[in-house]
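I opened this entry to keep a record of what I looked up in one structure, and in which order I looked it up.

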Amino acid sequence: MKTNQLNGRVSSGAALLPFLLFIVVFLGSGIIMSLQGVEKPFSQFAPLAAVYIALIAAFLFYRGKVSEKLNLLLGGISRNNIALVVLIFALAGAFSSVAKGMGGVDSVVNLCLSIVPQKYVIMGVFLVGCVVSFASGSSLGTATMITPIALGIVEASGVPLGATMGAVLSGGMFGNQLSPISDCTIASTTGLGVSTKDKSKYNVIIMIPALIIAALLFMANTTDSLSNFTVGPYNIIKVLPYVAVLGLAMVGASVIICLTAGIFAAGVIGIAYGHYTVVSLTQEIANGAVGMGNNILLVMLIGGLSWMVEKKGGINFIVDKLGSIAKSSKSGHLSIALLTLLVMLCVANDTITIMIVCPLAAEICKKFRVDPRLVSVTIPVVAAAFSPLSPWSGMTFTVQGLVHQAGYDFSFFDSFPTTYYPMVLTIIAVIAIFIPKLSSKIYKKEWDFENDCVRE
């Protein structure tokens, strides 16, 4: 691979080697452990270790003084968008922990189940998953919470296990790419420099038809034998912190304000109901923030690595190669979707995929005049969709493990045909790329590619 430099612009395929090493180590370890019969093989090797190995390779491979390369790494970590993600991740972890500890999650789940007609309980599982994942912003957390409830429904009613788990996986994916407090939303909006409100406008437009189609498909699986299943109690007051966070996000408040308000509301309610004292509340907030430490370190190290790769010409090389394929904004947009898919299939983690792809996508957007507000939806949709559709993702492994623990014989291929929502949403998202009038109707102001902001 050659290094080309023109007018100060460096393009080098060799600069990508540390990044490729990260993918090879992360993917290769999973394949080896899978062949050895290790449980959850793609969850065994820590992504942090893979990134660290890639960083060591970058220091050994790139030319220059160690101090210069260290400055590059620290410069990438200290960028404003990386610092913002770190702060939001910490607040999101604190809110999730405090709200769960005061019974908010249980109330949300039981409230939703009490509303849905029992005849359409599989559709109900899907819709409950949608609400919980949107409120919590976590597909893995949603799957963990909803799967035991879904298994109780299967045992009580005899509805198909595969279809029910497909509903769990679909519902979990819903909020993972749509919720304003999800890792995917935070990583894509900050990585591309767009507002959560602007992302949500386009996201909702392509989400609504996908939600309706998926709900109708799940509705086709009906049952009349739920006499042994009872919905647990709920407290509408304990749902209010989620309502506050989502309501503020929808009116355009920053994620920082939304999460801070949610933590305050959940804390006050928790103290009022005796779940917390002032001291235990502060401990819960701290524990929740610390619980996001893995994601925080990941975003810092990947941010530093991507900055080193960019400064050495790796991102320019990818943009140049995609440029030989992409000739317009539509094909440029499609190339970003394809790149997201390829990276997701390699690393099997939607948040890591988004962190990797966003710097590349930002350059492609500039070159082919692709509105980054649209791309901020496409990237998390594709990445999040292939989490429940990938047999080696953390989400599918978690669901399979919980089902096996309950004594059922179950494999990924039992739920795959009925994991409707991510399939339908991906198809609609790709179709939307070819309808430019859709985005012009949503966004009245054009994007200023020179200044990376909405044109005033």
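I began with contacts in the chain (heavy atoms within 4.5 Å), and among those between residues at least 6 apart in sequence, I noted that 79% join residues at least 24 apart. I must keep in mind that this is a predicted model, in which local features need pLDDT of at least 70 and side-chain atom pairs count only at pLDDT 80 or more, while totals for chains, interfaces and linings use all residues. Residues are numbered from 1 along each chain as its sequence is written, and side-chain values use heavy atoms, with hydrogens and water left out.

Next I looked up the elements, and I found 22 helices and 4 strands in the chain; these are DSSP runs numbered from the N terminus, helices being H or I with at least four residues and strands E with at least two. Of the 456 residues of the chain, 54% count as buried, where buried means under 20% relative accessible area, exposed over 50%, and partly exposed in between, with a 1.4 Å probe and protein chains only.

Then I turned to helix α6 (residues 121–136), and I asked what span its 16 residues should have at 1.5 Å a residue. The expected span is 1.5 Å times one less than the number of residues, which gives 22 Å for α6, and this agrees with its end C-alpha atoms, which are 22 Å apart. I also noted that 14 of the 16 residues of α6 are buried, so this helix is largely enclosed by the rest of the structure. Just after α6, G137 takes a positive phi of about 75°.

I went on to M219, which has its place in helix α10 (residues 196–219). M219 is partly exposed, because its relative accessible area is 28%. Leaving out residues up to four places away in sequence, M219 touches Y120 and M123. M219 and F126 are 93 residues apart in sequence, yet 9.8 Å apart in space, C-alpha to C-alpha.

My last entry concerns Y234, and I first asked where it is found. Y234 is in the loop between α10 and α11 (240–250), and it counts as partly exposed because its relative accessibility is 41%. Not counting residues up to four places away in sequence, Y234 touches S107, N110, L111 and S114. Y234 and G103 are 131 residues apart in sequence and 8.7 Å apart in space, C-alpha to C-alpha.
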